[in-house]
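User: I am new to this structure. Please walk me through it in short steps.

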Amino acid sequence: MDCSRLRTLINRYCAGEENWVDNRTIYVGHHEPPPGAEAYILQRYPDNRIVSSKYTFWNFIPKNLFEQFRRIANFYFLIIFLVQLIIDTPTSPVTSGLPLFFVIVVTAIKQGYEDWLRHKADNAMNQCPVHFIHHGKLVQKQSRKLRVGDVVMVKEDETFPCDLILLSSNRSDGTCFVTTASLDGESSHKTYYAVQDTKTLHDEQDIDKLHATIECEQPQPDLYKFVGRINIYHESNEPIARPLGSENVLLRGATLKNTEKIFGKLCLLRH
């Protein structure tokens, strides 16, 4: 066993599983690399569905009761109520049971209504139409049906439906301007850059002909940390590898500004 392999195992099992990060390889547009490139390995990723709600129709009552009785005050009055039911006491169980029942019911109604609003917001976001490239043409489908590897087109003033690697824009230098006010509160425009070898791809046919893979780390909680590389394959030459950083990643929820349109590849899924 070589030293690098031994070091990886030590970091994984001694430093903690949560500190060990694996890599993922993503095929742009779901194209297989040309002959002579790395073997095509089909990988499965979750879809782009957003779920911010806490409850479903089936688990609302047991889950809500469990969460409410985790509170010390509610649990205390529940014990008092049960003791009054079991043991003959001078006070009626109604004196402690009725207020507890009222608090539990009102809290459940309030939390159920708030969760229903979250379900509505999730459905509106998941059903939002998104344009992506399929066989050299722009096709529209719902945001929740996007898959890792899809190439998406976003127009000015639209919100990015997922985390994207910027491939190109309508600007000749391959840059675009983005506001991240919904993510970090900053309203100033930030500049993001396309890879040098893909910034000249301005239409659907050119993007569809691109054969490339992206190697990157698994999704991280830090929005502004990203390490990866893109391998661009040509028919006979060796693949061209270019580094990728946070300046190449368009974050979900940010808004495109002062740029007519961009093409980006769905790379990360942060839920």
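Analyst: Start with a definition: buried means under 20% relative accessible area, exposed over 50%, and partly exposed in between (1.4 Å probe, protein chains only). This is a predicted model, where local features need pLDDT of at least 70 and side-chain atom pairs count only at pLDDT 80 or more, while totals for chains, interfaces and linings use all residues. Residues are numbered from 1 along each chain as its sequence is written, and side-chain values use heavy atoms, with hydrogens and water left out.

User: What percentage of the residues in the protein is buried?

Analyst: The protein has 271 residues. Six helices and 13 strands are found in it; these are DSSP runs numbered from the N terminus (helices H or I, at least four residues; strands E, at least two). The buried share is 37%.

User: Which residues have the most contacts inside the largest nonpolar core?

Analyst: A nonpolar core is a set of buried Ala, Val, Leu, Ile, Met, Phe, Trp, Tyr and Cys residues joined through side-chain atoms within 4.5 Å. The largest one has 41 residues. Strands supplying at least two residues each include β5 (163-169) and β13 (261-268). The residues with the most contacts inside this core are Phe-160, Leu-164, Leu-250 and Ile-262.

User: Is Lys-265 buried or exposed?

Analyst: Lys-265 lies in strand β13. Contact means heavy atoms within 4.5 Å. Leaving aside neighbours within four places in sequence, Lys-265 is in contact with residues including Ile-26, Asp-150, Asp-163 and Leu-164. Its relative accessible area is 0%, so Lys-265 is buried.

User: At what angle do helix α2 and helix α4 pack?

Analyst: Axes are lines fitted to C-alpha atoms, for helices over the stretch in contact, and angles run from 0 to 180 degrees between N-to-C directions. Helix α2 covers residues 60-68 and helix α4 residues 94-126. Their axes are 11 Å apart. The angle is about 120 degrees.

User: How many charged residues does the contact of α2 with α4 have?

Analyst: Phe-60, Asn-64, Leu-65 and Gln-68 of α2 make the contact, with residues of α4 including Val-103 and Ile-104. Ala, Val, Leu, Ile, Met, Phe, Trp, Tyr, Cys and Pro count as nonpolar, Asp, Glu, Lys and Arg as charged, and the others, Gly among them, as polar. The contact has five nonpolar and five polar residues. The number of charged residues is none.

User: How far apart are the axes of helix α3 and α4?

Analyst: Helix α3 spans residues 72-86. It packs against α4 at an angle of about 145 degrees. The axes are apart by 9 Å.
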